[in-house]
Amino acid sequence: MPRFITLVHIDENALSAGPPPGEDFDKRMGALFEEIAKAGVMLDTAGLKPTSESTRVIWSGGKIGYTDGPFTETKEVVGGYSIVQAKDKAEAMEWAKRFLEIHPAEWKVTCEVREIKEA
């Protein structure tokens, strides 16, 4: 079965400035993760620390450069990921849709679903 990576894009500044999720958010997210794990689909998932704790390594003009976060010029950043093994892209997208629907309506969260190229 193919594997897919879901990259969760967020506007880090807007989420930190906005209202926190409701008190049942963690419970609903935990239930979804339990369901997807029991289905044998979830291989790995994690949220990422803020960009203020990260560094970009850049190759340009034949030289390496480094930029420490936060990356204020970037509107959206990858805030987390999951790796799933699904029968097809449609199934992977369905899990991504269900993940997004748990978030508060006023948040903007994007999931990019990409199949992992097998060697």
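Analyst: Let's start with terms: a helix here is a DSSP run of H or I with at least four residues, a strand is an E run of at least two, and both are numbered from the N terminus. Keep in mind that this is a predicted model.

User: Okay, how many helices and strands are in the protein chain?

Analyst: The protein chain has 3 helices and 6 strands. Going along the sequence, they come in the pattern β-α-α-β-β-β-β-α-β.

User: Let's zoom in on one pair. How many bridges join β2 to β5?

Analyst: There are 5 bridges between these two antiparallel strands. If you want one to look at, find M42, whose bridge partner in β5 is V84.

User: Now sequence distance versus space. How far apart are I116 and I5?

Analyst: In sequence they are 111 residues apart, but C-alpha to C-alpha they are 6.5 Å apart in space. I116 belongs to the segment after β6. Leaving out neighbours within four places in sequence, I116 is in contact with R3, F4, I5 and I83. For the chain as a whole, take the contacts between residues at least 6 apart in sequence: 76% of them join residues at least 24 apart.

User: What about T51: buried or exposed?

Analyst: The cut-off for buried is under 20% relative accessible area. T51 comes in at 8% relative accessibility, so it counts as buried. Its place is the loop between β2 and β3 (55-60). Setting aside neighbours within four places in sequence, T51 contacts E12, G69, P70, F71 and V77. Across the 119 residues of the protein chain, 28% count as buried.

User: Two of those contacts are G69 and P70. What is the peptide bond from G69 to P70 like, cis or trans?

Analyst: As a general point, most peptide bonds are trans. The bond from G69 to P70 is cis, with omega near 5°. P70 lies in the loop between β4 (63-68) and β5.

User: Last one, pockets. How much space lies in the largest pocket, and how many residues line it?

Analyst: The largest pocket holds about 580 Å³ of space. Its lining has 34 residues, with V8, G47, G80, F99 and H103 lying nearest the centre. By class, that lining splits into 23 nonpolar, 8 polar and 3 charged residues.

User: Which element gives the largest share of that lining?

Analyst: β5 does, with 7 residues. Several elements supply at least two lining residues each, among them β1 (3-10), α1 (12-17), α2 (25-38) and α3 (89-101). The sheet strands β2 (42-47), β5 (77-85) and β6 (109-115) also each supply at least two.

How values were computed. Residues are numbered from 1 along each chain as its sequence is written. This is a predicted model: local features need pLDDT of at least 70, side-chain atom pairs count only at pLDDT 80 or more; totals for chains, interfaces and linings use all residues. Side-chain values use heavy atoms; hydrogens and water are left out. On a 1 Å grid over the protein atoms alone, a cavity is a set of points where a 1.4 Å probe fits but cannot get out, and a pocket is an open set with protein on both sides within 12 Å along at least five of seven lines; lining residues have an atom within 4 Å of a point. Grid points are joined across faces, edges and corners, and a volume is the space filled by probe spheres set on the points. Ala, Val, Leu, Ile, Met, Phe, Trp, Tyr, Cys and Pro count as nonpolar, Asp, Glu, Lys and Arg as charged, and the others, Gly among them, as polar. Two strands pair if DSSP finds at least two bridges between them. Buried means under 20% relative accessible area, exposed over 50%, partly exposed in between (1.4 Å probe, protein chains only). Contact means heavy atoms within 4.5 Å.
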